[in-house]
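Hello,

Here is the structure I said I would pass on.

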Amino acid sequence: MYFRCSTFPDSKEDFSSFPFENGGVAGAIELKQPVGAHCHGNRTTVCEDSADKLLAKKKLYIASIVCLFFMIGEVIGGYLAHSLAIMTDAAHLLTDFGSMMVSLFSLWISSRPPTKTMNYGWHRSEIMGALVSALSIWIVTGVLVYLAIERIVRNDYEIEAHAMLVTSGCAVIVNIVMAYILHQSTTFHAHGAGYHQIDEDGHSPPPPANHLGHGHSHGALLGHAHGNTSVRAAFIHVVGDLLQSVGVMVAAIIIFFRPEYKIADPICTFLFSIFVLCTTVTILKDVFRILMEGAPKGIEFNSVKEVLLSLKAVKAMHSLHLWALTVGQSLVSVHIAIEENADPQVVLKEATDILQTKFGFYTTTIQVEPYSEDMAHCTHCQDPLD
């Protein structure tokens, strides 16, 4: 059952002829007053999210301009040096630039308000942008690995070591600058327990004096995880390019002093391309977890269940679903079964408050219903597999 807790347009007053009373569903509840300080809880984090997106856009704009200009310079340098390794680096910069454009587009469209068709909004476009960005690395890297192998087999190339050394040195500096611009935490800091201990009344006891705040998700309590997904994807791109640029510079130094070891150029391309692919694995895992509606990272199913069952009037719960629109925007829906004499509105308020306080859910949808002994044997009321 879905609860609306507002008197804005589309509320009950605007549809007085509609049969709202209990909805014809056993155990349904008609809320006659707002839940707590309105059912959406503390939404000051919306402003924080907007500020984060503005900062992310600023970082991406600056980094993309730097990337574009140096990419052009590196193409020229690679051509003059006859170096596939430098051209490989330039190609990765092209991929970086394209991924930043995709990220900027996804940030723009994700800020659009929800519609009646796209009623969750466009937040997940950020995840789609990160997916396109990561997959573009795989495609470009595959082509460059093929060219490196071909060059090793044919051995029909010459390297201009001086131009290669100068260009690769500049590439290292530029990639350090871009990494600094995009730098932010790329780890979603959350602890496995995901909640505080709850006493028998459903309240959190005060932490001990030496308590350092662990046992909960810091990112969730702030309303967002540490780091924007689009900036994180771009940062991983740049870190991969930085390491490749260092490798290219090492190869340039070897070739500068020992020209007969020119094979270092394609070998460098081959080895560092594989490394760049490995840097995308973590972000792809996070992207697929969200797209497959997996439980949000740092929030455990059993932790949420235990917190809900700790509420005094709650006897059982079922149909618990945890998912995320994007990183830092977790959602939950659940049915909670309460004791016969319990006040449904009080239980709803307590459950909503405790879920938003302990886990920082972006949206909570809770159906309150009377407890029935049949729930223990109903196949639809059982927990999912581990």
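**What I found**

Among contacts between residues at least 6 apart in sequence, 77% join residues at least 24 apart. Keep in mind that this is a predicted model.

First, the overall layout. The protein has 10 helices and three strands. Starting at the N terminus, the order of elements is α-α-α-α-α-α-α-α-α-β-β-α-β. The protein has 386 residues, and 46% of them count as buried. It exposes about 20,400 Å². Carbon and sulfur atoms supply 65% of that area.

Next, helix H9. This helix covers residues 301-309. Which of its residues are buried? They are Phe301, Ser303, Val304, Val307 and Leu308. What covers them? The cover includes strand E1 (314-326), strand E2 (329-338) and helix H10 (344-359).

You will find Arg151 in helix H3, which runs over residues 125-154. Is Arg151 buried or exposed? Arg151 counts as buried because its relative accessibility is 18%, and the cut-off for buried is under 20%.

Leave aside residues up to four places away in sequence. Arg151 then touches His82, Ser83, Leu84, Tyr157, Ile159, Asp265 and Pro266. With one of these, Asp265, Arg151 also makes a polar contact, side chain to side chain, at 3.1 Å.

Best wishes

Technical notes: Residues numbered from 1 in each chain as written. Predicted model: local features only at pLDDT ≥ 70, side-chain atom pairs only at ≥ 80, totals over all residues. Heavy atoms only, no water. Buried < 20%, exposed > 50% of the residue type's maximum accessible area, 1.4 Å probe, protein only. Helix = DSSP H or I, 4+ residues; strand = E, 2+ residues; numbered from the N terminus. Contact = heavy atoms within 4.5 Å. Polar contact = N/O pair within 3.5 Å; in protein donor to acceptor, adjacent residues only side chain to side chain. Areas by Shrake-Rupley, 256 points an atom, 1.4 Å probe, with all protein chains shown as cover.
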